[in-house]
Amino acid sequence: MLKILIPTLMLIPTTWLTPKSWVWTTTTAQSLAIALLSLTWLKWTSETGWSTSGPYMATDPLSTPLLVLTCWLLPLMILASQNHISPEPINRQRSYITLLILLQTFLIMAFGATEIIMFYIMFEATLIPTLIIITRWGNQTERLNAGTYFLFYTLAGSLPLLVALLMTQKDMGTLSMLIIQHTKPTNLLSWGDKIWWVGCLLAFLVKMPLYGVHLWLPKAHVEAPIAGSMVLAAVLLKLGGYGMMRITIMLDPLTKELAYPFIILALWGIIMTGSICLRQTDLKSLIAYSSVSHMGLVAGGILIQTPWGFTGAIILMIAHGLVSSALFCLANTNYERTHSRTLLLTRGLQMILPLMATWWFIANLANLALPPLPNLMGELAIITSLFSWSPWTIVSTGLGTLITAGYSLYMFLMTQRGPTPLHTISLHPSHTREHLLMAMHLIPVLLLVLKPELMWGVCH
Amino acid sequence: WFLAWMGLEINTMAIIPLMAQQHHPRATEATTKYFLTQATAAAMILFASTMNAWTMGDWNINQISHPLATTTVTLALALKIGLAPMHFWLPEVLQGLNLTTGLVLSTWQKLAPFALILQISQNTNPALLTTLGVMSALVGGWGGLNQTQLRKLLAYSSIAHLGWMIIILQFMPALTLLNLTIYITMTSTMFLSLKIMASTKINSLALAWPKTPTLTTLIMLSLLSLGGLPPLTGFMPKWLILQELAKQDLPITATIMAMSALLSLFFYLR
């Protein structure tokens with residue numbers, strides 16, 4: 001674990017000491033090297049399931065895919081931000097990169113934590129760099145509001161979590177994940193215990209986000225700069241899912257009945273947010289709502305607590321992370337050229353930017369869960385396990401899949417096909433950097449088709 | 001107790017001229033208010049200790065055991081440091097002072113009453129302390145929400161932090177001291193940075209970015225720390241206090257305190 005953490009921390013001196021023209025190159029290269037190093041975590045040899053352990057940090061098949069995703073995304077974030085940050089003075093550019101690196105460090109420590117309190121502290125700690133990125137480098141004036149929404153929604157959910165965790169520590173004597181998975185199930189009967197259960201889960205449900213408490217997400221995504229959007233969509237949402245998976249180990253047997261309202265909210269949210277996507281005019285907002293929709297599926301999969309549900313949840317999280325991030329990068333390429341996110345203004349791009357149209361095509365197909373891509377694997381696993389839990393869920397999940405296909409195709413057709421408006425003819429051609437970015441997003445998705453065991457986690 | 005009372009009186013007397021240095025009418029008004037409140041509190045302390053001596057025959061500070069006496073002393077000390085519901089003097093007094101004197105008021109002046117509070121902590125009524133603490137945290141949070149003047153903002157933040165300190169007093173006084181120390185450090189940072197930037201309103205802070213970016217970053221970080229966000233140090237006392245409260249099976253109190261921290265955070269963020 002330290003092999004990855006220390007190079008990541010050392011990226012901070014790298015950004016501040018390299019001469020001005022080499023900053024971006026060196027940070028991208030170093031973070032890419034770290035990402036490749038992180039791939040070594042994918043070899044699970046230990047019997048207990050936890051490997052590479054230190055005193056407070058370890059990796060196991062649940063956290064490793066997410067860790068690799070996080071490490072992989074840092075070079076991509078730096079690549080993506082290169083263009084829109086370059087007009088700023090060099091020290092501001094360096095602080096931006098430093099913030100990204102700090103965020104990365106906190107995320108690695110969060111996913112690698114074995115004590116739940118350490119996970120909690122890192123979970124909260126990731127809020128600060130993200131908040132600063134959104135409010136300082138965002139694009140519109142609404143970003144202050146967005147930052148406030150983001151911070152307060154998340155904190156209001158997570159402070160009860162802190163109290164609930166402290167009570168757990170008092171009762172069980174420890175909060176280490178390695179130990180908790182072997183303790184006896186607790187007897188949870190009273191109203192106080194039910195409130196404790198809600199306290200444990202609420203933070204993660206807000207982070208995921210669940211449909212009823214998802215208001216912070218579209219605001220935050222739309223106002224954030226590209227790297228902020230990427231990391232938000234790809235990784236921070238997965239923190240919520242990961243936390244939920246860890247916590248539900250302790251929460252049985254109460255979860256069987258208490259989870260009903262949340263599962264219903266999640267399933268309903270899939271349909272509602274999907275329908276909102278069909279009528280969106282703002283491209284980033286569309287992708288943000290599609291994130292909520294996919295995360296609703298993930299939440300449903302986790303809350304029913306079956307092995308296939310968990311597996312589907314992890315696969316969908318990884319695949320969605322990569323694909324959502326790719327879509328945000330594509331939206332950003334449009335934004336950098338026209339400085340507008342309105343769908344109508346960036347139509348008919350296939351005539352002008354054909355190679356970018358290929359990336360749009362692949363990303364949208366992945367979003368709508370085309371076989372054999374991992375998005376489909378995840379969705380299928382979750383839908384099947386939800387069906388076996390209750391046959392009626394097929395109504396909402398099936399409808400949700402249909403609507404997802406609808407809006408993904410809508411996004412593709414609006415941006416690529418159709419008559420090219422006259423004002424877009426003078427757009428810049430695509431940079432190689434952008435093609436590299438998209439390739440690095442989508443090639444792992446395609447590769448994961450060949451070896452999905454890497455993502456399946458603990459249940460196989 | 002007699003010596004303690006004398007010490008507190010001398011403390012008050014000494015700081016009055018410091019506060020009245022600026023010949024602005026608001027400063028004089030603040031000085032007068034401060035003098036009145038502190039004198040009342042000191043008189044109440046004298047009264048309570050005399051009552052205790054009369055009924056129990058004991059002048060020793062940590063032997064104060066008559067219930068009426070302990071309650072009176074606790075309330076008097078709360079008035080001295082500005083805990084709710086005896087906090088009303090603090091925002092106006094702090095507003096009338098310049099930033100350095102305000103710094104002294106918020107930090108040094110709290111030390112003496114806290115020394116006394118720590119010593120009487122075993123015998124006080126737990127319900128009273130909990131009520132004072134929770135009310136202070138909530139009042140500190142809500143009161144600060146509509147403020148644009150920085151000194152009043154810091155006054156309300158002081159009230160909220162004092163609430164946190166008091167609530168853990170009955171279970172682990174060491175945590176009270178820890179919270180006090182960290183609070184003094186953070187508030188000193190805030191006051192000194194504001195003094196360097198010579199700004200007293202939120203609007204003037206907004207213009208600070210081009211002048212001193214490093215200092216602005218520092219202010220931002222220390223504000224977030226005052227708000228109690230991990231992983232900054234300000235989180236540590238809150239975390240430990242919540243842990244102690246949870247250990248004592250007081251989850252509701254803990255949740256109320258935690259939510260009121262959110263209120264304070266909102267006005268720090270602006």
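Visitor: Let's start simple: how many salt bridges does the structure hold over all chains?
Guide: Keep in mind that this is a predicted model, where local features need pLDDT of at least 70, side-chain atom pairs count only at pLDDT 80 or more, and totals for chains, interfaces and linings use all residues; side-chain values use heavy atoms, with hydrogens and water left out. Residues are numbered from 1 along each chain as its sequence is written, while chains are lettered from A and ligands numbered from 1 in the order in which they are written. A salt bridge needs a side-chain nitrogen of Lys or Arg within 4 Å of a carboxyl oxygen of Asp or Glu. Over all chains, the salt bridge count is 1.

Visitor: Which residue forms a salt bridge with B:K33?
Guide: Side chains of opposite charge can pair when their charged atoms come close. Here the closest N and O atoms are 3.1 Å apart. The partner of B:K33 is B:E29.

Visitor: Which helix holds both B:K33 and B:E29?
Guide: Helices here are DSSP runs (H or I, at least four residues; strands are E, at least two), numbered from the N terminus. B:K33 and B:E29 are about one helical turn apart because 4 residues separate them in the helix. That helix, residues 25-56 of chain B, is α2.

Visitor: Are they buried or exposed, or something in between?
Guide: Buried means under 20% relative accessible area and exposed means over 50%, with partly exposed in between (1.4 Å probe, protein chains only). B:K33 has a relative accessible area of 27%, and B:E29 comes out at 42%. So B:K33 and B:E29 both count as partly exposed.

Visitor: How many residue pairs are in polar contact between domain 1 and domain 2 of chain A?
Guide: An automatic or database assignment sets the domain bounds, giving domain 1 (1-40 + 55-252) and domain 2 (261-459). A polar contact is a pair of N or O atoms within 3.5 Å; within protein, one must be able to donate a hydrogen and the other to accept it, and residues adjacent in sequence count only if both atoms are side-chain atoms. For residue pairs in polar contact, both at pLDDT 80 or more, the count is 7.

Visitor: How far apart in space are A:Q280 and A:L343?
Guide: A:Q280 sits in the loop between α13 (260-278) and α14 (283-303) of chain A, and it counts as buried at 14% relative accessibility. Beyond its neighbours within four places in sequence, its contacts include A:Y410 and A:L343. A:Q280 and A:L343 are 63 residues apart in sequence, yet C-alpha to C-alpha the distance is 8.4 Å.

Methods:
Contact = heavy atoms within 4.5 Å.
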